[in-house]
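User: I have a structure open and some time to look around. Can you walk me through it?

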Amino acid sequence: MELAWAETVLLPNLQETGPSLPLPDMKIRPQSLLRGLALSMGLFLFSNSAQAQVPLDTEVVATGLGTSLLVTYAPGDRDRLFVVDQNGRIYIVKNGVKLTTPFLNITGQTNGGGERGLLGLAFHPDYANNGWFFVNYTNNGGDTRVDRFTVSANPDIADLASQTNILGIGQPFSNHNGGDIRFGPDGYLYIGTGDGGSAGDPGNRAQNGLNLLGKMLRLDVDNGLPYSIPASNPFVGDPNTLDEIWATGLRNPWRFSFDRETGDLYIADVGQNAWEYIHFQPASSTGGENYGWRIIEGNHCYNPSVGCNMNGLEMAIYEYDHTFSPFRCCIIGSETYRGRSMSNMQGRYFFTDSCSNELWSFRYSQGAGVTDFSDHSAQSGINGSDTSLGTDMDGELYICSGSTLLRVVPNGMYLKVPHLFTGVADTIEVERCNPNQTVYLAFSFTGVGMFPVGQLGVTIMLNNPALAATTTANGSGNASFPIVPPGSLFDRTVWLEAVQNGQVSNVTMEVIE
């Protein structure tokens, strides 16, 4: 059965809040559609706005990626993932296939190993036009360099001759090099630097405003070479603090990230011997925070070990201590999930530990603090990473695992919705169904929720869901729904979920283009 949206019960002339969809001869509310199905089955239904967690699994995306430390994407690019190899290469995974030739190869300029090597990658927000990307690495002398490159005429290969040094920082020891670089929502380049290494920050560099180590830096790389200082940087004109500095008091911010929806900044800062911790900086911040190291480790006195002065320091929003069973030692952040395929997980901040490889997440707000903490390793048996997490353009979550790149996916019945375009035929796929049994496709225009269906023994995770269509899974447990979105749905958001007797799929959110 072809599922043409304007010709079936899927997306009728909805009487929802906001503009209705002018589809002909359809005047039934979405609640009535599913309720009619329910009544015919003798079911009792109700709804509320609660959200439930999604059991997680992983699937292999690509292998042979060296020592993978980071996965990211270029703005506007849905087809490619860029994977950083600590040894000095950047690989492209294009439509699920690793390309043979690296996008960038600077193996002769760095010695990968320990906490050194090619450590960070950030694409300029206007990469589609200027072709600029930036890398953070330690050179053969062990010092930090941030360099800019330009893509060549071949979009899958960088122009090595375009290499331009943006920033250099001397490193007194081999560890605590930081390495992450990200463009913020303000268009400036943020650089996380470690405290210079050894143990305990012996030079007290993180608290020294005249040293770039142990800091979050903020540079304007669009005006002036190698960069200029944003006028809004908090210490501009302060003789005791360098103009490049955005925030102080970090030990080794190996991974930090901006929530792409809110602009909030999360910093996973690696602790010393007792605590691992996460800092939060709201999008409204004007900078100037002091995150406390080496005065404090997490939210606890470090130097001095008791009676330290915490006045004016920003406390971590979350911390965990080192344990031996399982052995936990080094926090690995950090991404806020904003993907399509697991709508119930929207806004969850994911992180892991390099030693235990456990994967966790929580929600955070300044009013409520940390809520809804989840141990996904305990719940689903899924492992995290000893190096990094990352996302693609759609906000889906990935795990770097040695030379392998994994994608985090739902566990159980798996609804796969392609990007939908008005007037373009496509197919919605459902995997891991109960073979040879009915599959219902439900939808909502108002988001996720909870809608119990007693006779099926499930709760549909949609708000005021409607029945879209039904089909039967084949003997291998797969089902499909052909679909053609009409033009009236352009730029509309729809939430979809597959339902069977005894199980439901993930909820997928799609903005129709």
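User: Where is Asp201 placed?
Analyst: Asp201 sits in the loop between β13 (189-192) and β14 (216-219). Strands here are DSSP runs of E, at least two residues, and helices are runs of H or I, at least four, numbered from the N terminus.

User: What is the nearest side chain of opposite charge to Asp201?
Analyst: That is Arg205, 4.3 Å away. Asp201 is buried, yet it has no salt bridge. Buried means under 20% relative accessible area, exposed means over 50%, and partly exposed is in between (1.4 Å probe, protein chains only). A salt bridge needs a side-chain nitrogen of Lys or Arg within 4 Å of a carboxyl oxygen of Asp or Glu. For charge, Lys and Arg count as positive, Asp and Glu as negative, and His and the chain ends are not counted.

User: Which residues does Asp201 touch?
Analyst: Leaving out residues up to four places away in sequence, Asp201 touches Asp195, Ala206, Trp293 and Arg294. A contact means heavy atoms within 4.5 Å.

User: Where do these values come from?
Analyst: This is a predicted model, where local features need pLDDT of at least 70, side-chain atom pairs count only at pLDDT 80 or more, and totals for chains, interfaces and linings use all residues. Residues are numbered from 1 along each chain as its sequence is written, and side-chain values use heavy atoms, with hydrogens and water left out.

User: What is the mean pLDDT of the protein?
Analyst: The mean is 90, and 90% of the residues reach 70 or more. pLDDT is the predictor's confidence in each residue, from 0 to 100.

User: Where is confidence lowest, and where is it highest?
Analyst: It is lowest in helix α1 (residues 30-40), at a mean of 34. Strand β15 (residues 245-247) is highest, at 99. Over residues 1-50 the pLDDT is below 50. That stretch still has 112 contacts in the model beyond near neighbours in sequence.

User: New topic. How many salt bridges are there?
Analyst: The count is 19. One of them pairs Asp77 with Arg80, the closest N and O atoms being 2.6 Å apart. Asp77 is buried, at 12% relative accessible area. Arg80 is buried too, at 9%.

User: Which residues join Asp77 in a network?
Analyst: Salt bridges that share partners join Asp77, Arg80, Lys94 and Asp156 into one network.

User: What does Arg78 pair with?
Analyst: Arg78 forms a salt bridge with Glu513, at 2.9 Å between the closest N and O atoms. The pair links distant parts of the chain, 435 residues apart. Arg78 is in the loop between β3 (68-72) and β4 (80-85), and Glu513 is in the segment after β37 (503-511).

User: How many disulfides are there?
Analyst: There are two. A disulfide is a pair of cysteine sulfur atoms within 2.5 Å. Cys301 and Cys308 form one, with sulfur atoms 2.0 Å apart. Its angle about the S-S bond is -85°, a left-handed link. Another joins Cys329 to Cys355, S to S 1.7 Å. That link is right-handed, with 65° about the S-S bond.

User: Last one. Which residues have the most contacts inside the largest nonpolar core?
Analyst: Leu415, Ile428, Val430 and Leu496 do, in a core of 23 residues. Such a core is a set of buried Ala, Val, Leu, Ile, Met, Phe, Trp, Tyr and Cys residues joined through side-chain atoms within 4.5 Å. Elements giving it two or more residues include β30 (426-431) and β36 (493-500).
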